[in-house]
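Biologist: Before we go through the labels on this model, show me what they are applied to. I will ask what each label rests on.

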Amino acid sequence: MFYRKLRRALIKVSVLFLASALSLIGAELFLQLIKSPDENTAESGLSTIIVSREFHHDYRPGQIFTRYPESRDEYKPMRVAVNSFGIRGPEIPPKRPGESRILILGDSFIQALHIDYDKTVGRVLERKIDKPDVRVVQHGMSSWSPLLEWNWLLKKGLTLEPNTVVLVLCPNDFWDAESGHDDAAYVKSAIFAPDGTPSFDISPASYWGAYKLQLFRRAFWTIPALCQHWRPQFSQSQIDALLAADERSFAAALDRIAPQTAVPGLHSSNMSIRNHLKLARPSDKWDAATRTNVARSLGYVENIRTLLENKQVKLVITLTPFAWNVSRDEMKIGRRFYRFADCDISLEPFANKIRDYCRDHQVEYVDLLSAFKKYPSRDGARLFLQSDGHWNEIGHAVAADALFEALTASGSKPELNPSRP
């Protein structure tokens, strides 16, 4: 009798737990499905992004659209204007005699769709410089990496006549191809002409077609994303032991804790976990794939350096950290998706690789990682959005401060003066 009652009680508890879980999932799905319209459609009715053989993907010029937050994001809907050149912001006038231009180029951190345009790094930097003959232009595009940035400079960016280009690298530029938004992925569709100029053999329908199924995509990713939040977080001691392990033990551990899977949401987070941890290891412990990925992307950085050197344009390189590279207080909501809530992940091994490249090629390096780590957190102030993980307004201001200090240092003042008429 006792066991029958116990069994019935356990069944009731299990049913109650299952009902509660399904209710939470249902509520999350509902919030996702009723979310604001697709930000990839402009007010004109056209797509905000053009997929092409020439640039792979870039803004459609002359469009206005709204970037909407996800359910857990703290930023407000952001109205974004793209000018006729295909860059966020107002129209860019012809370069005046005696004018000096700084071009900041990067990915979604520079695209900055979560931040008012006037509070983005380029606008803050221009106000700090405060010289009528200095103009700062910035262009970032989600998921761009050195191959696409070199391609855009080669075909379009240099027509802006910059005197200095600040290339903002991101660790995920150097990831495995499975992530889908790095050089390892883009090179698969690249076709190089005899002179080295790239084009891209891609189908716009296959690459961006998922945006036409935005509601389905949100629903399909929500359940595995919720499941990921329930998975145990990594401890710092677990991460430290993993990063110090030999190559075979490290690979086996990755297959165990972050296996490749066919479930989209879990696959995405697991691939991110794998790549973050690979680059966090000392470079002499990198596996062959990681060494190949880093060498490939640095090769495209070298293409950018050579292109700019031939045009007498100065190159400055920086590397943006992720929230878990800076402080455990950053991105407290979003980092749980990657299971990094209770640990910090080092960026130093990879940052040292970028520093070494800059030193060997006499390129100025701006240390954003140190600048972010030194920022004094006051009254709960943070540098990253707590769910999304991009820089917030303070993060953009800190990045602008670091660039300003580098560009106005005693040995670097020529960057703020025209090098040619």
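Modeller: A pocket here is an open set of grid points with protein on both sides within 12 Å along at least five of seven lines, and its volume is the space filled by probe spheres set on the points. The model is predicted. Its second largest pocket has a volume of about 230 Å³.

Biologist: What makes a residue part of the lining of the second largest pocket, and which residues are they?

Modeller: Lining residues have an atom within 4 Å of a point. Those of the second largest pocket are Val366, Asp367, Ser370, Ala371, Lys374, Tyr375, Val398, Asp401, Ala402 and Glu405. Helix 13 (368–374) and helix 14 (393–407) are the elements that give two or more residues to this lining. Helix 14 supplies the largest share, four residues. By class, the lining has five nonpolar, one polar and four charged residues.

Biologist: Why is Cys170 called buried?

Modeller: Buried means under 20% relative accessible area. Cys170 is at 0%, so the label applies.

Biologist: Why does Cys358 count as buried?

Modeller: The relative accessible area of Cys358 is 2%, which is under 20%, so Cys358 is buried too. Over the chain, buried residues make up 52% of the 421 residues.

Biologist: How many disulfides are there, and how do you know?

Modeller: A disulfide needs a pair of cysteine sulfur atoms within 2.5 Å. By this rule the count is zero.

Biologist: What share of the accessible surface of the chain belongs to carbon and sulfur atoms?

Modeller: That share is 57% of about 19,400 Å².

Technical notes. Residues numbered from 1 in each chain as written. Predicted model: local features only at pLDDT ≥ 70, side-chain atom pairs only at ≥ 80, totals over all residues. Heavy atoms only, no water. 1 Å grid on protein atoms, 1.4 Å probe; cavity = no way out; pocket = protein on both sides within 12 Å on 5 of 7 lines; lining within 4 Å. Nonpolar A, V, L, I, M, F, W, Y, C, P; charged D, E, K, R; others polar. Buried < 20%, exposed > 50% of the residue type's maximum accessible area, 1.4 Å probe, protein only. Areas by Shrake-Rupley, 256 points an atom, 1.4 Å probe, with all protein chains shown as cover.
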